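Subject: Structure handover

Hello,

Here is the structure for you to look over. My notes on what turned up in it follow below.

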Amino acid sequence: MKNPIVERVAQLIRPEIRALSAYHVPDAAGLVKLDAMENPYPWPPALVTAWLEHLRHAALNRYPDPAAHALQARLRATMDLPHDSALLLGNGSDELIQLIALAVAGAERVVLTPEPGFAMYRLIAAACGMRYLGVPLAADFSLDVPAMLAAIEQYRPAVIFLAYPNNPTGNLFDEHALQTLIEAAPGLVVVDEAYHVFARKSFIDKLARHPNLLILRTLSKMGLAGLRLGLLIGDPAWLTQLDKVRLPYNINVLTQLSADFALAHQQVFDEQARRICTDREKLFADLCGHGELRVYPSQANFILFRAPAGRATTIFEALKDAGILIKNLHAQGGLLQDCLRVTVGTPAENQAFLSALKNAL
Ligand SMILES: *Cc1c(COP(=O)(O)O)cnc(C)c1O
């Protein structure tokens, strides 16, 4: 018997949407959560008290400031943004990726990005009806510049997304390789600096030189993932157009107040980021101690490693049974075959991960 709803869904929902899988977030209840590049550290109690006091002034009966003026000023001051560039805020940088795609989408418009890369580029391109093209990285996860240039030449992409450092591989692409691609690109190039607080390398000072360059940042990985705040930085001529696609009150009252408050205490987050980088190097060395693993150096707050052939899923499940949640990338295949990714946690969490891993191996 045919189900009348299923038939209508099949008629109405575009095939490229029906072909997608929704972004999957695993249930982490009761587990040590090392799967999503979150900052593991809570705020000092005095800061929590001051924050709650700050929120007393929140007018939840009113719509938020549509341009988030106070927060924009704070971001400009703390992030040292160029004076002549504009700023567009998103409900996470995911929303900004979507705004860019919505603004340039059209029949035969192409989104190009190296693979393995950040999953949302593909999901958003497909949802916006764009053609998505992934160009494989070299075996060491560096950019395959000739292959990228050939794809640029052949497909004339409307947008190229380049994560710097890259997720899930953790490496920073070569600066000159990136520059070559930006110069060759006929469309926009978005350098996604989601892990900037850890890598401390940026293309922001190159904005003036490249008329097709935009920089994407987020507060998520530095320790404010729950607030959902991303920033797009670039020439006002671009951002004025993109702003038309933004829904008017996309940054809510609590996020505006809380992010402004948090950034006034930037040193707390800088200190946490430094600590995470130190702990990353220890975790890297400890992982390298397992000769059967191939461990990839990282400039971000996570580490990618390759398990012995055919064993990634068994190891992932054994870790989960031991109460540790990491990310299993094996199913994505290609260069990620047998690969697992672990987020740097607190020293105690990293230790728990390492002992569970030792047992699993
Ligand atoms: C995590 C991540 C994002 C998304 O960040 P949100 O601001 O939380 O939406 C964007 N790009 C890359 C490369 C990421 O790893």
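The buried residues of helix α12 are V253, T255, Q256, S258, A259, D260, F261, A262 and L263. Buried means under 20% relative accessible area, exposed over 50%, and partly exposed in between (1.4 Å probe, protein chains only). That is 9 of the 11 residues in α12 (residues 253–263), so the helix is largely enclosed by the rest of the structure. Helices (H or I, at least four residues) and strands (E, at least two) are DSSP runs, numbered from the N terminus.

This is a predicted model: local features need pLDDT of at least 70, side-chain atom pairs count only at pLDDT 80 or more, and totals for chains, interfaces and linings use all residues. Residues are numbered from 1 along each chain as its sequence is written, and side-chain values use heavy atoms, with hydrogens and water left out.

Back to α12. Its buried residues pack against α3 (45–55), α4, α10 and α13 (266–288). Contact means heavy atoms within 4.5 Å. N252 caps the N-terminal end of α12. A side-chain oxygen of N252 lies 2.9 Å from the backbone nitrogen of L254. For polar contacts, the rule is a pair of N or O atoms within 3.5 Å; within protein, one must be able to donate a hydrogen and the other to accept it, and residues adjacent in sequence count only if both atoms are side-chain atoms.

Next, helix α6 (residues 119–127). Its buried residues are M120, Y121, I124, A125 and A126. Just after α6, G129 takes a positive phi of about 75°.Now a helix pair. The axes of α7 (residues 145–155) and α8 come within 10 Å and cross at roughly 10°. Axes are lines fitted to C-alpha atoms, for helices over the stretch in contact, and angles run from 0 to 180 degrees between N-to-C directions. Helices α7 and α8 are therefore roughly parallel to each other. Angles under 35 degrees count as roughly parallel, over 145 as roughly antiparallel, 65 to 115 as roughly perpendicular and the rest as oblique. On the α7 side, V145, M148, L149 and I152 make the contact. On the α8 side, A177, T180, L181 and A184 do. An α-helix has 3.6 residues a turn, so residues three or four places apart point the same way. By type, the contact residues of α7 with α8 divide into 7 nonpolar, 1 polar and no charged. Here Ala, Val, Leu, Ile, Met, Phe, Trp, Tyr, Cys and Pro count as nonpolar, Asp, Glu, Lys and Arg as charged, and the others, Gly among them, as polar.

On to charges. How many salt bridges does a search of the whole structure find? The count is 17. A salt bridge is a side-chain nitrogen of Lys or Arg within 4 Å of a carboxyl oxygen of Asp or Glu. Three of them are worth a look.

- R228 and D94 meet at 3.7 Å, N to O. The pair links distant parts of the chain, 134 residues apart. R228 sits in the loop between α10 (220–224) and β8 (230–234), and D94 in helix α5 (residues 93–104). R228 is partly exposed at 30% relative accessibility, and D94 is partly exposed at 25%.
- E175 and K201 meet at 3.1 Å, N to O. This pair also links distant parts of the chain, 26 residues apart. E175 is in helix α8 (residues 175–184), K201 in the loop between α9 (196–199) and β7 (213–218). E175 counts as partly exposed at 25%, and K201 as partly exposed at 33%.
- E281 and R280 meet at 2.8 Å, N to O. E281 is partly exposed, with a relative accessible area of 41%. R280 is buried, at 7%.

Salt bridges that share partners join E175, K201, D205 and K206 into one network.

S85 is in the loop between α4 (69–79) and β2 (86–90). Is S85 buried or exposed? At 7% relative accessibility, S85 counts as buried. A polar atom of its side chain lies 2.9 Å from the backbone oxygen of P82. Leaving aside neighbours within four places in sequence, S85 is in contact with R76, L207, I233 and G234.

E349 is in helix α15 (residues 347–360). E349 counts as partly exposed, at 22% relative accessibility. Not counting residues up to four places away in sequence, E349 touches V32, L34 and P40. Along the chain, E349 and L34 are 315 residues apart, yet their C-alpha atoms are separated by 8.3 Å.

Best wishes
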